[in-house]
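The structure is shown first.

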Amino acid sequence: MLQSLARRLPFYYGWVVVAVVFVSMAIAVNARTAFSLLYPPILDEFGWDRGVTAGVFSFGFVVSAILSPLIGRTVDARGPRFTCEIGVLATGAGLLLATLSSAPWHLYLTLGMLVGAGSVVLGYSGQGLWLPAWFVRRRGLAMSIAFSGVGAGSILLMPALQTLIERSGWRAACIALGVVALVVLVPLNLLLQRRPQDLGLQPDGDPAPVPGAGAAKRTNVVDAAWAATDWTLSRAMRTARFWWLALGYFCGLLAWYLVQVHQTKYLVENGFSAAQAAFALGMVSLAGVPGQIALGQLSDRIGREPVWAIGSLGFVGTYVALLVLPSFPSPLLLWTMVLLQGVLGYGMTSVFGAMPAEIFEGRHYGSIFGTLSLASIAGGAAGPWLAGTIHDATGSYAIAFWIAIGVSLLSIVAIYRASPSGVRVVAGRMARA
């Protein structure tokens, strides 16, 4: 029945898939991000070192890094439905079991390992393994809409979770979020997560090729020899493009998650209330919704590299604002930081999955992107741990923020060196190409 419906409405079915990913990411990615709200009450209750406690979040990235290549191979072999359901169950179980914690290793196994592993399957890396296959001409727009679910979910979930934490404690917040994840995402992913080839469809809702007519010519190809290569993981890893992408992802995600985990505590320490800090975190994600969609659509016109650069410069501005904030703790500077981080910085996600898909498109793309995701996961793990450790040693986040500015600039250079536009151009540049 589902297959029949998809064939009658091929164009619209791709956008239904985008909607499913939107909801999945709204819940699953925010289940991981919510650690920023859980972090202060956990510190207050147990009195552990900041580096040890922030390491829970980082450990989740380490586990995700170990699993990431396996996720790619699993999607290639079994499809997204099977893989996504595992992610849902892991996320829900991690949140519910975290309420039994009384020692750091308990949180490392639950909020770290289970939630980290589950959310990477349902997050940017996992969804980026298969969602690009649904679109070519509007790939940037489609992925930016799907990934903007993180921001939409954040503005609803973060204030609600903060209120629940203040009234009933961090354990009640974990239970509520775990139940929501299981009740909403288990049936949603079971029914709708498919690849176009699983339903006999083509990207962008195009009609299936007529038997014997030959394949349609891909007019966006610039480097025909590169595009014609049957890219396996081992071949990809022998190219400079692969390693430039890896470096760009490592640096970009380090800057992203360093501020995301420590932002709430930093704002409270600089005179803002816990409610204001939680609202600011939610507003960052909300501001990311129009930013991601606008930059995703822009990337379909001007290319992926400039949009990644815009996002990285957004994080540079974010850290500059945070460095100035202790001297000028004004609401204006706070909301400037929020807009730079959300509208510009979060726009990076609109091209995160599109760039490797345009460089290494093919049968083994899942394995290639899954391995590339190791770099982004490593960056996401390094950022929170690095900032927490530096703060423990110096009593300040300043050095960590300057490091984040440097790696953001390095990320721009790396993505331009990877040059996805040197293999395939975006729809807005096809005529000129």
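## Second largest pocket

In this predicted model, the lining of the second largest pocket is made up of 10 nonpolar and 4 polar residues, with no charged residues. Of the 14 lining residues, those nearest the pocket centre are Leu67, Leu70, Ile71, Ile86 and Val121. The space in this pocket comes to about 220 Å³.

Three helices each supply at least two residues of the lining: helix H4 (50-78), helix H5 (80-98) and helix H6 (104-122).

## Nonpolar cores

The largest nonpolar core has 111 residues. Within this core, the members that touch the most others are Leu111, Tyr124, Leu131, Leu245, Tyr319 and Phe360. Helix H13 (residues 240-269) is the element that gives the most to this core, contributing 15 residues.

Setting aside neighbours within four places in sequence, Leu111 has contacts with Phe35, Leu38, Ile42, Val56, Gly94, Leu95, Ala98, Gly116 and Cys174.

## Cysteines

The number of disulfides in the structure is 0. Cys174, one of the residues in contact with Leu111, has a relative accessibility of 1% and therefore counts as buried, the limit being under 20%. Cys251 has a relative accessible area of 2%, so Cys251 is buried by this limit too.

Technical notes. Residues numbered from 1 in each chain as written. Predicted model: local features only at pLDDT ≥ 70, side-chain atom pairs only at ≥ 80, totals over all residues. Heavy atoms only, no water. Core = buried A, V, L, I, M, F, W, Y, C linked by side-chain atoms within 4.5 Å. Buried < 20%, exposed > 50% of the residue type's maximum accessible area, 1.4 Å probe, protein only. Helix = DSSP H or I, 4+ residues; strand = E, 2+ residues; numbered from the N terminus. Contact = heavy atoms within 4.5 Å. 1 Å grid on protein atoms, 1.4 Å probe; cavity = no way out; pocket = protein on both sides within 12 Å on 5 of 7 lines; lining within 4 Å. Points joined across faces, edges and corners; volume = space filled by probe spheres on them. Nonpolar A, V, L, I, M, F, W, Y, C, P; charged D, E, K, R; others polar. Disulfide = S-S within 2.5 Å.
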